Amino acid sequence: MSETVIVTGGSRGIGRAAAILFGKNGFNVVVNFSSSRNKAEEVCGIINSAGGKALPFCADVSDRRAVDDMAAFALESFGGTDILVNNAGIAEQIMFCDITEEKWDRLFDVDVKGVYNCTQAVLPHMVHEKYGRIINVSSMWGITGASCEVHYSAAKAAVIGFTKALAKELAPSGITVNAVAPGVIETEMNGKLSPETISTLKEETPLGRIGTSEDVAETIFFLSSPKASFITGEIISVNGGFVI
């Protein structure tokens, strides 16, 4: 029986690339989205056309009831969730003094509480099966911090702490928990950056280029594979040497 993966924020960027990679490699894929239904259905279409099995599911990951419904959907449709990719997230560049309480809470609700919600929702099946793979998407700014992105940096640092602690707790159940910490990646999230900024970031990256969603997706896929069965609690930097 094929394994099943939920990819949150699977309609675009890193999530899209990961969902397609899993789908083309024979996994059942639940493509989670919050507002981009057309894009999620497009991802499912690509996977299904390639002979895979993918279904979209609308859920704001900060909404626990919606997330529980998504886990139940995966159980009913494919028999449960074997792999969870906690990719859904939001970001914002803003001076710390201008971060309102509402902005702070919303970012943490999605980027941190969303990881908590989704992980807790799928764990009963993983614990029962004594097997599971959880891959969280953090950021290099969760490691080093970024000026004008204090709430984002703090949230992504929380994901790193979550990953390390949960890895220790779930290891006896045969479940690994790891994270990727992408650098500057060519996604919609970074699409607002000016050409001059992109050029500067390329120069500051030792490998001399901006990363792609596929670069990160390949690392996520590896961490879910049998080849990574003895790796847990690790934060894998996919940043072209930007942070070493």
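The model is predicted.

**Helix α3**

A66, V67, M70, A71, A74 and F78 are the buried residues of α3. These residues cover an arc of only 145 degrees around the axis, so they lie on the same side of α3. The face turned away from that buried side carries R65 and E76, both exposed. What lies over the buried residues of α3?

At the start, a side-chain oxygen of D63 comes to within 3.1 Å of the backbone nitrogen of R65. Just after the helix, G79 takes a positive phi of about 95 degrees.

**The sheet**

Seven strands form an open sheet with parallel pairing. Their order is β3-β2-β1-β4-β5-β6-β7. Which strands stand at the edges? They are β3 and β7 (235-238). Each has a single partner strand, so one side of each is left without a neighbour in the sheet. On average, neighbouring strands of this sheet are turned by 20 degrees against each other, direction ignored.

Helix α8 (residues 213-224) packs on this sheet. It touches β4 (83-86), β5, β6 and β7. The direction of α8 makes about 165 degrees with that of β6.

| Parallel pair | Bridges | A residue pair across it |
|---|---|---|
| β1 and β4 | Three | I6 and L84 |
| β4 and β5 | Four | L84 and I134 |
| β5 (residues 132-137) and β6 (residues 175-182) | Six | I135 and N178 |

Are the faces of β4 covered or open? Both are covered. I83 and V85 lie on one side, L84 and N86 on the other, and all are buried.

T8 is found in the loop between β1 and α1 (13-24). With a relative accessible area of 1%, T8 falls under the 20% cut-off, so it counts as buried. Which backbone atom does the side chain of T8 reach at 2.8 Å? It is the nitrogen of N87.

Leaving aside neighbours within four places in sequence, T8 is in contact with N32, V61, M70, L84, V85, N86, N87, A88 and C118. Several of these have come up already. M70 is among the buried residues of α3. L84, V85 and N86 are buried residues of β4.

**S213, in helix α8**

S213 is found in helix α8. Its relative accessible area is 8%, so S213 is buried too. Which residues does S213 contact, beyond its neighbours within four places in sequence? They are G13, I14, A17, I185, E186 and T187.

**In brief**

T8 is buried in the loop between β1 and α1, and its side chain reaches the backbone of N87.

Technical notes
Residues numbered from 1 in each chain as written. Predicted model: local features only at pLDDT ≥ 70, side-chain atom pairs only at ≥ 80, totals over all residues. Heavy atoms only, no water. Buried < 20%, exposed > 50% of the residue type's maximum accessible area, 1.4 Å probe, protein only. Helix = DSSP H or I, 4+ residues; strand = E, 2+ residues; numbered from the N terminus. Arc of directions from axis to C-beta. Polar contact = N/O pair within 3.5 Å; in protein donor to acceptor, adjacent residues only side chain to side chain. Pairing = 2+ DSSP bridges. Axes fitted to C-alpha atoms, helices over the stretch in contact; angles between N-to-C directions. Contact = heavy atoms within 4.5 Å.
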